[in-house]
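Biologist: I am new to this structure. Please take me through how to read it.

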Amino acid sequence: MIMSINKLNIKKLLIFFGFFFINFNYGNSNFKNLDKKRFYLEPSHTKKFGTILVQDSNGRIKPMNTVALELLRKISKTDHIQNIDANNWLLSFYQNDIYWFIYPFIKVNKKIGPKLLELFKVNEDGYTCFINFYKNENKYSDKKKKYELIFKKELKEAFSKNPFERNDSDKEIVDLFRTINMISNILKGKYIKILPVPNNENKAWEPWLNPKSNIDNIFPFKEYLESLSDSKKTNNWDKPNKILDDIISFQKKNGLSLIPSNNKVKLEILYNKLNIYTFLMYSYILLGIIILLYSFFRIFNKKTKKNFINYILYILLYIFFLYHTFGLFIRWYVSSHAPWSNEYESIIFISWCTLFSGLLLSKNKNLFVPGVSCITSSIFLFIAYLNLINPEITNLTPVLKSYWLIIHVAIIISSYGFLIVSSFLGLLVLIFLFLNKKIRKKRLEFLIFELTIINELSMIIGLFFLTIGTFLGAIWANESWGTYWNWDPKETWALITIMVYVFILHMRLIPLFKGIYIFNFFSFLSLLSIVMTYFGVNYYLSGLHSYAKGENVNILYIFYILFIIIILIMILSFNDLLDNLIKKKKLIIK
């Protein structure tokens, strides 16, 4: 696998390597400004190009716009380069491949280490260019010279390690190699399978470069690129548009049942353009902070009457919630299955459930509850936004092609929403208990009592859904694997989580564990069981429910942060614990 990219048979690349090694310092800021005139294409044409259908490696048919975005996001970690959109970028990659060899558009993570950052000539923005990863020792003496990766030694060391044993630098080296390999495959046209083969039993499509079957005359690729260059000069786009129209007609005629409807293609392109969850990630955190600050202000404000600001904040909450729901429905319609079948979809659905539970539990228009759920939803969207998780829409694996996907997974994830809100409400009450120790106010004491009741209600609902979902999961397991319970890590930790919450809800029966502080402290502490059940099992433990099958993903920092927070809370609120236990104040769950 490593040697495959070292022996790229790209003649243009080999010719220009020697020239640029002599005359340029790659990754230099000289290449920071993109020559937009060189790459500009008529927007109406690039839009039509984005509607061309492509078959991916898993057999899913999707518009070219989705393919271009996925490739650009993996390489540059962005949706556009210098205002050149993904469609335009992909076309320019075939028109001006040499330019893209020397333009720094490949994102390199700083975790790869300062030594390699310097070796790759990464600029101040974290980007470098393709040819910075290669070396040419033979200069021009050998016509058959091979260009080797300059980090070949580090790459072999990284691949020789078990995925679980790789450190941050090793992972970045492996990811960078995959990015380089991806660029070479783009040049070879492997990702652009747009030609459905008539009467093909496997329903496999051919790439637009060097198709194996005798359909080369259907899409004259070289002629198409030449027509783009001519159209830029004459500003007449009839010929390239005609070629794309012929492709669209050919796909509809020979694509058989694989071709999605026009509405589905348009909605997927709209979904790509809106970038809903990135927008909501920032909107949720901003709105949540505003809500909490405003709610804190109202505690110390003598005015008790609710004003129009409350209603404005609630209107914004419901607008964002409906927009989130709209995004889920689009993804459901485009993928033809419930949008919680993989890790990315489950996280954005947990985010939705968290906000839904906050709005549902908002008692007497108490803004603290939806404010907490709004910030928590943003946290989950941020996790989904990280590069660790693939946001692509994929086909269902065979085991998930069941109506139980909608029932079991939806109920389980809904329970996470309520239980997570319960945990963060517990944290908020602990903060209020600390403030109440410094500032004695009746309104603050009443708010502590009210939020504790809501916390308990949220925990009861979450536990109910979690228990029902676990039983339904056992039924699904029996249908899929012939047994109700395998003591799979996910099953085991689901049972542990149920027992944890059952214990917390019944602690009040033990005299020593009565009180506001104890209940809210343990409700916050219980978040660790949710984190382990979802993230820990999915990414660290091998099992039937694991996403990464034991691959080491850096989520340990979550545990470290939570541990530090818990210790600080215990120290700051310890006197409140003594007050509740010794003095037995009225703030007790009865």
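Biologist: Which residues touch the most other members of the largest nonpolar core?

Modeller: A nonpolar core is a set of buried Ala, Val, Leu, Ile, Met, Phe, Trp, Tyr and Cys residues joined through side-chain atoms within 4.5 Å. Buried means under 20% relative accessible area, with a 1.4 Å probe and protein chains only. Here the largest core has 92 residues, and Y277, F432 and L451 touch the most other members. Helix 18 (residues 404–438) gives the largest share of this core, 19 residues. Another core, of 66 residues, lies apart from it and includes W89 and L155.

Biologist: What should I know about the model itself?

Modeller: It is a predicted model: local features need pLDDT of at least 70, side-chain atom pairs count only at pLDDT 80 or more, and totals for chains, interfaces and linings use all residues. Residues are numbered from 1 along each chain as its sequence is written, and side-chain values use heavy atoms, leaving out hydrogens and water.

Biologist: Is E392 buried or exposed?

Modeller: E392 counts as buried, because its relative accessibility is 14%. E392 is found in the loop between helix 17 (368–385) and helix 18; helices are DSSP runs of H or I, at least four residues, numbered from the N terminus.

Biologist: Which residues does E392 touch beyond four places in sequence?

Modeller: Contact means heavy atoms within 4.5 Å. E392 touches K62, E70, K74, R331 and N342. The C-alpha atoms of E392 and T66 are 8.7 Å apart, although 326 residues separate them along the chain.

Technical notes. Buried means under 20% relative accessible area, exposed over 50%, partly exposed in between (1.4 Å probe, protein chains only). Helices (H or I, at least four residues) and strands (E, at least two) are DSSP runs, numbered from the N terminus.
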